[in-house]
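The structure is shown first.

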Amino acid sequence: MTYLRRLPKFEYVGPRTLTEVCSLISGGAPDDAMLLAGGTDAILQMRRRERVPRRVIGLKGVAELDFVREQADGGLSIGAMTTLHSLLSAPAIRQRYAILHETAAQIGGPELRNIATIGGNIAGALPCADLPPALMTLDAQIKLSSHRGERWMPLRDFFPEFGRTVAQDDELLSEIKLPRPAPYSAGTYLKFHDRQSMDMTVVGVGAFVVLDDDGRTVRELRLAYANGAPTVFRAMKAEAVLCGQLFGEKVLDAVAEAACSESSPRTSWRANAGYRLSLIRALTKRAIRRSWQSASSQKGTK
Ligand SMILES: Cc1cc2nc3c(=O)[nH]c(=O)nc-3n(C[C@H](O)[C@H](O)[C@H](O)COP(=O)(O)OP(=O)(O)OC[C@H]3O[C@@H](n4cnc5c(N)ncnc54)[C@H](O)[C@@H]3O)c2cc1C
């Protein structure tokens with residue numbers, strides 16, 4: 001059993017600009033400084049003594065990290081400090097990136113969504129986090145900023161192992177970019193959890209389907225999983241099974257089997273590995289089916 005204790009003593013710093021944040025973390029010692037976004041995970045980590053930072057750097061005052069912006073190329077840019085509530089309120093996300101809207105709506109309750117941020121959900125590197133799989137199916141790129149400059153990378157390469165990201169100690173996640181959605185495309189995120197809300201994900205499956213101009217052949221499939229392995233991951237071998245094929249139940253079975261082979265879920269008090277694999281098999285098929293139906297229904301509307 002893990003006890004929640006009083007917060008340990010720390011110095012709090014409240015920078016107002018990204019440049020100030022980069023300079024504050026430029027020292028790079030892991031437990032010297034900790035970034036605090038909404039604090040919904042970070043405060044619990046401190047109360048459990050999993051993190052005991054000397055200095056906490058609050059990002060709330062950094063207004064330049066809080067935005068949802070449409071791009072000239074048709075894509076969308078989201079600042080790391082954008083709350084889940086702001087994601088849900090953005091018309092561009094509701095209309096053009098429905099899978100992200102649908103996923104954010106399934107996280108926690110309204111109080112949590114008012115303070116929890118997209119950056120914290122990604123950078124926390126929890127295998128059960130719900131936004132990373134949805135964002136991976138949208139082919140999201142992320143920007144890491146530091147006093148040395150900035151670099152972009154695909155989100156799918158961000159989690160090398162359980163609880164870790166490839167960010168250096170002097171880097172923070174500052175922005176998420178989504179490419180313009182292709183015609184005849186749609187995605188679905190299905191999350192299995194014990195109760196209706198306020199419970200962590202047992203297994204989460206994101207599927208995104210892009211159809212050819214005939215409206216029937218699958219040009220691209222992207223699949224990503226929460227709690228299917230020690231990190232959130234894309235199942236790229238399973239994706240390849242459906243690419244270039246007409247949609248059908250037989251090929252769907254093959255995709256689901258391939259996804260199970262790529263998964264390595266753990267046994268915990270929430271669910272054992274065998275049960276999680278059954279969920280992966282069933283939810284993969286269901287998520288692809290729904291995405292395909294939604295993408296193919298766009299034929300004739302474009
Ligand atoms: C009751 C409850 C229910 C929950 N339900 C869900 C759920 O259904 N689905 C789900 O996915 N999560 C859930 N969570 C977990 C959590 O709320 C989310 O992961 C949330 O999005 C974290 O965001 P935050 O802004 O609060 O991050 P914080 O707690 O502030 O930070 C989390 C971690 O990320 C680091 N960090 C934050 N921002 C950055 C940045 N920009 N760059 C680098 N590092 C950064 C912090 O140092 C910390 O290690 C739940 C939590 C609670 C308490």
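## Domains

Taken over C-alpha atoms, the centres of domain 1 and domain 3 are 35 Å apart. The model is predicted. The protein is divided into domain 1 (11–58), domain 2 (63–178) and domain 3 (185–296).

## Ligand surroundings

The ligand is surrounded by 27 residues. Ala37, Gly38, Gly120, Asn121 and Ala123 are the closest of them. Strand E2 (33–36), helix H7 (118–123) and strand E8 (172–178) are the elements that each give two or more residues to this shell. H7 gives the most, with four residues.

Sorted by class, the shell around the ligand holds 15 nonpolar residues, 10 polar residues and two charged residues.

## Helices H10 and H11

Two packed helices are described by the angle between their axes and the distance between the axes. For helix H10 (residues 249–262) and helix H11 (residues 273–296), the axes come within 9 Å and cross at roughly 140°. H10 is therefore oblique to H11. The crossing in which H10 passes H11 is right-handed.

On the H10 side, the contact is made by Leu252, Val255, Ala256, Ala259 and Cys260. These meet Leu277, Ile280, Arg281, Thr284, Lys285, Ile288 and Arg289 in H11. By class, the residues of the contact of H10 with H11 are eight nonpolar, one polar and three charged.

Note on methods
Residues are numbered from 1 along each chain as its sequence is written. This is a predicted model: local features need pLDDT of at least 70, side-chain atom pairs count only at pLDDT 80 or more; totals for chains, interfaces and linings use all residues. A residue is near a molecule or strand if its C-beta atom, placed from the backbone, lies within 6 Å of it. Ala, Val, Leu, Ile, Met, Phe, Trp, Tyr, Cys and Pro count as nonpolar, Asp, Glu, Lys and Arg as charged, and the others, Gly among them, as polar. Axes are lines fitted to C-alpha atoms, for helices over the stretch in contact, and angles run from 0 to 180 degrees between N-to-C directions. Angles under 35 degrees count as roughly parallel, over 145 as roughly antiparallel, 65 to 115 as roughly perpendicular and the rest as oblique. A crossing is left-handed if the near helix is turned anticlockwise from the far one by less than a right angle, and right-handed if clockwise. Two residues are in contact if their C-beta atoms, placed from the backbone, lie within 7 Å. Domain bounds come from an automatic or database domain assignment.
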